[in-house]
Amino acid sequence: MPAVNETDPRVKRTRKLLQDALLELLAEKSFDAISVHDIAERSTINRATFYAHYVDKYALFSGYVHQWFRKALRQNVEDGTGLCRSNLQLVILASMEAMAELDDHCGPTETMRPLVMSAVQEELAALLLGWLERAPACATGRQVGLETTAAGLSWAIFGTALNWSRMPERSPAESTASRIADLLTEGLSSVVGELTI
């Protein structure tokens, strides 16, 4: 598939139409029952244009989830901020609330779950890696690379958020996020040194 300039307003508009069409169709029938033809028809975009942007409906849904979760994170954590305990807690809380919203309103099917898991974990890992790369140099003798640390943290946060979102009676989000932030901060101190509040 040829590269698409994702900053081009026409590309953004086309992708939004396709994503909106998919979301409308998801309100009517299951993801498995939706075809590319259905999406193209609903969005009034031809199939060739669909395929210029996405390989298939799975790529479209994955792109939507990436964008949706990135927005959820940005609503809670400002761009340019760094790794500190309070920001870690905000990311945990945003992840918990996003996963709860998804479970409460969408109820992803077994086909969709791996796409959601992958997109959320990738977005978390990218954010955390950026923070780790900007963190003050840690003590010499680091045994775990930054990418591995970011991946581990992202899975820990995602796992917490997913587990919390599926509880029939959820514990208070803020206190749960605070406890998990304490736990992760303690573990991170051996990699990046003491984290500020």
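1. A quick word on terms before the details: buried means under 20% relative accessible area, exposed means over 50%, and partly exposed is in between (1.4 Å probe, protein chains only). This is a predicted model, in which local features need pLDDT of at least 70 and side-chain atom pairs count only at pLDDT 80 or more, while totals for chains, interfaces and linings use all residues. Residues are numbered from 1 along each chain as its sequence is written, and side-chain values use heavy atoms, with hydrogens and water left out.

2. On to the charged pairs. Side chains of opposite charge can pair when their charged atoms come close. A salt bridge here is a side-chain nitrogen of Lys or Arg within 4 Å of a carboxyl oxygen of Asp or Glu. By that rule, the count is 6 salt bridges.

3. Take Arg 42 and Glu 24: their closest N and O atoms are 3.3 Å apart, giving a salt bridge. Arg 42 sits in helix 2 (residues 36-43) and Glu 24 in helix 1 (residues 9-26), so this pair ties together parts 18 residues apart in sequence. Helices here are DSSP runs (H or I, at least four residues), numbered from the N terminus. Both ends are partly exposed, Arg 42 at 33% relative accessibility and Glu 24 at 41%. There's also a network of salt bridges linking Glu 24, Glu 28 and Arg 42.

4. Lys 29 and Asp 38 make another salt bridge, at 3.2 Å from N to O.

5. Glu 123 counts as buried at 11% relative accessibility, and Arg 70 as partly exposed at 31%.

6. Now the greasy part. A nonpolar core is a set of buried Ala, Val, Leu, Ile, Met, Phe, Trp, Tyr and Cys residues joined through side-chain atoms within 4.5 Å. The largest one has 54 residues, and those with the most contacts inside it include Ile 39, Phe 61, Ile 92 and Leu 124. Helices 1, 2, 4, 5 (85-105), 6, 7 (146-165) and 8 (173-192) each supply at least two of its residues. Helix 5 gives the largest share, 10 residues.

7. Last, a look at Ile 92. Leaving out residues up to four places away in sequence, Ile 92 touches Ile 157, Ala 177, Ile 180, Ala 181 and Leu 184, where contact means heavy atoms within 4.5 Å.
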